[in-house]
Amino acid sequence: MSLFVTELRRLGKRRVTRLMLVLLVLGLATVATAFSFSSEKLSPVVVAEAEAKANNDYQSAMTDWKRNVAECEAAQARGEKTEERYGPNCGKDYQPQPDMFEAKWYLPYQFDFRAEFPMFIAVFAASVALFGFIVGASFVGAEWNTGGMMNLLLWRPKRLTVLGTKLAALLTTVFGLTVVLGALWTAAFWLIAGQRGSTAKMTAGVWQSIGLDGLRALGMTLLVAAVGFALASLGRHTAMALGAAVGIFAVSEIGIRIAVAVLGVQFGDRYVLSTYAQSWFLKQAELFDYDTCQFSQGACEPATYVVTWQQSAVVFGVALVGAVVAAFWTMRRRDIA
Amino acid sequence: MSAVLEIEGLRKTYRSRKRGVRHALDGFDMRVEAGQVHGFLGPNGSGKTTTLRTLLGLIKPNGGRMAILGQELPHALPAVAGQVGAIVESPQFFPHFSARDTLGLLAQAGELPKQRVDEVLELVGLRDRAGERVKTYSLGMKQRLAVASALLKNPKLLILDEPANGLDPGGIREMRGLMRELSEAGMTVVLSSHILGEIQLICDSVTIISLGRRVAFGPVDQVLAAHSQGAVRVRLEAVDDLPQAADALSRAGVGVTAEPDHLMLSGVDKPATVSRLLAEQGLYVSELTPVAVDLESVFLELTATAPVPGQHRQVDQSAKVDQTGTAGGWGA
Ligand SMILES: Nc1ncnc2c1ncn2[C@@H]1O[C@H](COP(=O)(O)OP(=O)(O)OP(=O)(O)O)[C@@H](O)[C@H]1O
Ligand SMILES: [Mg+2]
């Protein structure tokens, strides 16, 4: 227990942790603040304004149309050719319809908590995950390369316990941050929605679904932090984790994309990691194959392939277990120089 | 006396695909009695640090037996770790933490009271600078911090790998005093160092290692005696007779080194035999003195690392002893 508390303290004392925390909070605050300005509450006045504007445009379109028809008919009466200028039948078929001027197109953007907050959960989770990755990697990476790990092992010569305790301290910290910041994040957007947007239709079911989104986001931040930690411990250097992350990203998002395109693999994106991240947050990711479209037969109905969040859980779970087991295995086996 | 530290037949082999196999420790033996200050000597790359790392569980040995305070290692390491304070070859500390934070975190991990941190900081002379980041410390200050971290637990066995590295003369003398105090208080100290004058002053006993094997061990005066016994300086009345004397002595199996105006003999049991041998040749001895050697010359002789004019000795060029050669007594 004392070791766990020590490691929590050590993590909190680190400059990287403090700096990244400041950046994280500033970043999230900036997003929330900037977003609050882009949303505007649809008060009756605003709605009336939009309706008036729509009606106005409709009326002026009607006026234009009537004048054109009248001009055309006058020209026809003079025996002139009108086809080219006014279209067939003097354009009488193109009378403006009221549904071409719907009031909602004239409304300013209004944030809809129910429909749009899940996306902001993903933004939040991605930010905290990045924080967890960097802090987790440097927490153990710096220990390895400054000899701190060796010093600690002279005190607690149980390698797996020491590494495990460090990981536990990291995950506890990331967990606490995700919960606290997540609550603030939700409160902030609830406030934005209340003041400048809409909180309509927030049933218990919707809250439950948002809660589940939050849980998956929490899982993602913990997973990314643990993987960063494990990679840095494997390579015994912070840079190893960052390098591995860049490598995995390049291979998955660029290399595999090119490869499947060249090989003509159907639904090639199912081999790309970001598809699984997407489906993890949005419960599923749909892939389309537009090559199967038969445009001659009307609207296109492309073949689809669905990646579910359960599949994502398997993929990420395997990655997590692989990295962590490898890290502990080498911790047990390798000499500490 | 009971042994605080026992090592028997310890082996550590490094394998690399490119450079092949390196026996860093090749059947190494060591024994340190309770309450002693024990010097651990050897040329660069002879395996001192490897021995200490293995002992502390940082490296897995390929064979052999180790015990600390009567408990078998590495099995019992977690149990004895609280009684062993160690620094291994200029330890590094996290550069952005202060000395007080660094020691505070260690003390907390080891469940020690907070005031112990201030005690050891005082002891190593870092009290007034303890709040500064380790990054800003000089080499000797870092070394003092390292010693402080080893002392923190108030251990029964203190293992210091080159603690004097980077210390100023005052610091070295202070360290000497500290070692003596600690050992008087009942602490057993194992000290690896290249400053042999220092070792000779501080240590009760020594182990000398060369190429991963023990070449000599025992109380300092006995190791010295074992190697000064045979050393004798001989002067003759006539300098011209020196070559003849050298010839006669080496035929009798005595090691002879010719100097301009005298001979240095080694491996002489009784100086009287020398005078008898020379008298038989009609040579008259004007001086026959047993030479007191210091630890440095014994070390250089035992490890065969004395510099030879015109040659640049490479690391790993040192005495290699047979496994059986070290079995008994001190002095190979
Ligand atoms: N990780 C390693 N891989 C390969 N060889 C190693 C490794 N660590 C040490 N060695 C070798 O083991 C031998 C013993 O090294 P060690 O560090 O124990 O020497 P030392 O006695 O402490 O020397 P010094 O007086 O220079 O500190 C050396 O030949 C060294 O090159
Ligand atoms: Mg060394």
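**Cavity lining and ligand surroundings**

In this predicted model, α6 (148–155) of chain A and α3 (99–109) of chain B each supply at least two residues of the lining of the largest cavity; helices (H or I, at least four residues) and strands (E, at least two) are DSSP runs, numbered from the N terminus. A cavity is a set of points, on a 1 Å grid over the protein atoms alone, where a 1.4 Å probe fits but cannot get out, and lining residues have an atom within 4 Å of a point. About 130 Å³ of space lies in the largest cavity, a volume being the space filled by probe spheres set on the points, which are joined across faces, edges and corners. The lining includes R10(A), E143(A), F93(B) and F97(B).

Polar contacts are pairs of N or O atoms within 3.5 Å. A polar side-chain atom of K48(B) lies 2.7 Å from an oxygen atom of ligand 1, and a side-chain N or O atom of H194(B) lies 2.8 Å from an oxygen atom of the ligand. The protein covers 69% of the 640 Å² of accessible area that ligand 1 has on its own (Shrake-Rupley method, 1.4 Å probe).

Residues are numbered from 1 along each chain as its sequence is written, with chains lettered from A and ligands numbered from 1 in the order in which they are written. Local features need pLDDT of at least 70, side-chain atom pairs count only at pLDDT 80 or more, and totals for chains, interfaces and linings use all residues, while side-chain values use heavy atoms, with hydrogens and water left out.

Key: Polar contact = N/O pair within 3.5 Å; in protein donor to acceptor, adjacent residues only side chain to side chain. 1 Å grid on protein atoms, 1.4 Å probe; cavity = no way out; pocket = protein on both sides within 12 Å on 5 of 7 lines; lining within 4 Å.
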